[in-house]
Amino acid sequence: ERMGALRGQLSGFEASVLRLYLNGLSYSEIAAEVNKSPKSVDNAVQRIRRKVAQQILSGEFSSR
């Protein structure tokens, strides 16, 4: 449920990055998988973190 709410807020690229990141890949490995630079991956991870924080602060994504 929580992941579904988050995925609705993510772009396709961000969703791909999140999936790979949660599977334990490094930024360099993710970059190779999605054919982007490690910096693009880092930027996507930062956007994902901001979106998660916004959901937590708004009460949409409880910590339960």
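## The Arg47–Glu14 salt bridge

In this predicted model, Arg47 and Glu14 form a salt bridge, with their closest N and O atoms 2.6 Å apart. A salt bridge here is a side-chain nitrogen of Lys or Arg within 4 Å of a carboxyl oxygen of Asp or Glu. Arg47 lies in helix α4 (residues 38-58) and Glu14 in helix α2, so the pair ties together parts 33 residues apart in sequence. Helices are DSSP runs of H or I, at least four residues long, numbered from the N terminus.

Glu14 is buried, at 3% relative accessibility. Arg47 is partly exposed, at 30% relative accessible area. Buried means under 20% relative accessible area, exposed over 50%, and partly exposed in between (1.4 Å probe, protein chains only).

Through shared partners, Glu14, Arg47 and Lys51 join into one network.

## Within helix α4

The count is three salt bridges. One of them pairs Lys39 with Asp42, at 3.5 Å between the closest N and O atoms. These two residues are three apart in helix α4, separated by about one helical turn.

## Helix α2

Helix α2 spans residues 12-22; Glu14, Val17, Leu18 and Leu20 are buried there. Gly24 follows α2 and has a positive phi, near 90 degrees.

## Basis

Residues are numbered from 1 along each chain as its sequence is written, and side-chain values use heavy atoms, leaving out hydrogens and water. In this predicted model, local features need pLDDT of at least 70, side-chain atom pairs count only at pLDDT 80 or more, and totals for chains, interfaces and linings use all residues.
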